[in-house]
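Hi,

Here is the structure I promised to pass on.

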Amino acid sequence: MFREMRRIRQQISTEECADILRRASSGVLGLHGDDGYPYTVPISFVYEAGGAGLGTIGFHCAKVGHKIDAIRRDDKVSFTVIDRDEVMPRERTTKFASVICFGRACILEGEEELRRAANAVGAKYSKGFEDLYMAETEETIAAGRLCCVEITIDHMTGKIGKELLLERQREKP
């Protein structure tokens with residue numbers, strides 16, 4: 001169902017993909033937008049390994065708007081993270097590492113699911129301020145304003161640029 005990577009020598013392991021997803025602070029969510037146009041939007045997110053398959057990507061968002069409308073219309077999504085992007089002008093290339101995930105988005109329902117998801121995002125981005133993000137989670141749940149989405153990853157690939165691949169090969173004893 002999913003294509004094999006064309007430049008297979010540059011493919012990174014699933015474990016390295018997971019490491020990149022854990023440390024990245026933002027990524028780009030790809031959706032089936034209005035009138036058949038692709039819609040991509042940068043988001044803050046949290047990655048959690050395990051569960052069924054390759055893990056999940058979670059984020060919170062507004063209850064109304066283009067993003068949530070697109071998810072309601074078609075739950076198939078893609079998500080991209082660029083971990084490294086070092087321009088090498090003389091070589092006319094870049095040293096890069098990136099991950100692309102394909103999966104299905106689910107709008108979470110129920111207070112416990114919302115609490116778990118929102119607090120996971122809070123733990124990643126507001127470490128040391130647990131009382132603040134947990135209080136905000138409770139306030140937004142009580143007000144009915146919290147919307148969280150979880151993507152179950154069906155397929156994930158990662159790739160590094162040729163220059164980074166060569167650098168890694170030179171570093172090996």
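The lining of the second largest pocket splits into five nonpolar, five polar and one charged residue. (Ala, Val, Leu, Ile, Met, Phe, Trp, Tyr, Cys and Pro count as nonpolar, Asp, Glu, Lys and Arg as charged, and the others, Gly among them, as polar.) Its space comes to about 200 Å³, and helix 3 and helix 4 (130–143) each supply at least two lining residues. Among the lining residues are His 60, Tyr 125, Tyr 133 and Glu 136.

Before you read on: this is a predicted model, where local features need pLDDT of at least 70 and side-chain atom pairs count only at pLDDT 80 or more, while totals for chains, interfaces and linings use all residues. Residues are numbered from 1 along each chain as its sequence is written, and side-chain values use heavy atoms, leaving out hydrogens and water.

Some terms: helices (H or I, at least four residues) and strands (E, at least two) are DSSP runs, numbered from the N terminus. On a 1 Å grid over the protein atoms alone, a cavity is a set of points where a 1.4 Å probe fits but cannot get out, and a pocket is an open set with protein on both sides within 12 Å along at least five of seven lines; lining residues have an atom within 4 Å of a point. Grid points are joined across faces, edges and corners, and a volume is the space filled by probe spheres set on the points.

The largest pocket holds about 250 Å³. Strand 7 (93–107) and strand 8 (147–160) each give two or more residues to its lining.

Cheers
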